[in-house]
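Let's walk through part of it with a few questions.

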Amino acid sequence: MKLTNVISSEQDIREKILQREHQEELVAKGIPETISYDEKNFFSRWLRSSNIELIRFNSIEEDGEDTENTDDSSIECRYIKAVASCEFSTRQIKNPTTKELLPKNERLNTAQIDILFVESKNEWYCIAFTSNFYDLKRAKKLIGEFYIEQIPADYQVSSELFDWLFYKYSKEETSLTSDITLDNIAGFTGTVVSDENRFQGRSDQTADLIITKAFIANRHPLTSILISLQMSEGSLEFYLSEISGGMELQITVLQNSSLTQTVTSHETENIISIYTLFYVIPKLIEVHKTEASSFLSKKDSFLSLMGIEVIKTIMAKNDITIDQLR
């Protein structure tokens, strides 16, 4: 998530965000009026935060040369790691026998969420390590939703990007840049009619499966894609989801991902997250934008050929003749 320009320094992170506390009142019928404030409310607080850290990756120029010694071309970020503790209610809040409100410690859940505050190109972002929708909501309330704004265009992932990646992979044009190679497309999700009608596939041969080609040829929008990338720094396999409302970029990195860069003072999850979000994804979006016009001029014929392949396969498998289609 992108933080607003009100947050412009490490001091702002520590004073305006990491000093915050958020509370939510228990809402239910029959709560005694005498219940104390602490018993009635659930609190989200910051448990701890790290010193600010600097992490730098070597950029690869388009001629394929490693620019390790050129400061202007390296990818450099600073980050603070913080841990949030968020309280929320269990489903059962009353004694099933007496119907009296249970003591808070008997109706309390607590989620601990790791959050990175990252500075990249003089802008501050936050990365919440959670796949739980409600934990993300709690984290955003603790951070302060008024400090969160729309993600810049450099991070705006769309279905068009996914279509382009399928096109590149199908045409065996897998060298996306001199440093990034599209090794595989192993899964995707998409919408058939509405958000209630979702389709998903997962296989090492996803891009070659006829059902995948049928989905894409029918021009159903893709909502996420599982891609494997090879780079000089290592290999990544991750789900990349379409941004909803322009506010949150969501990725799910698989455990077999690794980077060869030896930054021993940094935790692996921090290195991979920052590298993926602040180098790999903007680079994919940049290359897609460069090729967007060319791709659009080829897209219709590409989808038509894919549709013909689907039809021929179905006809062959079911002994359907051309006459039967008339």
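Q: In which sense do strand 11 and strand 12 pair?

A: This is a predicted model, where local features need pLDDT of at least 70, side-chain atom pairs count only at pLDDT 80 or more, and totals for chains, interfaces and linings use all residues. Residues are numbered from 1 along each chain as its sequence is written, and side-chain values use heavy atoms, with hydrogens and water left out. Strands are DSSP runs of E, at least two residues long, and helices are H or I runs of at least four, numbered from the N terminus; two strands pair if DSSP finds at least two bridges between them. Strand 11 (residues 222–231) and strand 12 are joined by 8 bridges, and the sense is antiparallel.

Q: How many residues sit between strand 11 and strand 12 in their hairpin?

A: Q230 stands opposite S235 in strand 12. The two strands form a hairpin, and the number of residues between them is 2.

Q: Which residue of strand 13 stands opposite F238?

A: Strand 12 also pairs with strand 13 (residues 251–253), antiparallel over 3 bridges. Opposite F238 there stands V253.

Q: How many of the 8 residues of strand 12 are buried?

A: Buried means under 20% relative accessible area, exposed over 50%, and partly exposed in between (1.4 Å probe, protein chains only). Strand 12 (residues 234–241) is mostly covered, and its buried residues number 6.
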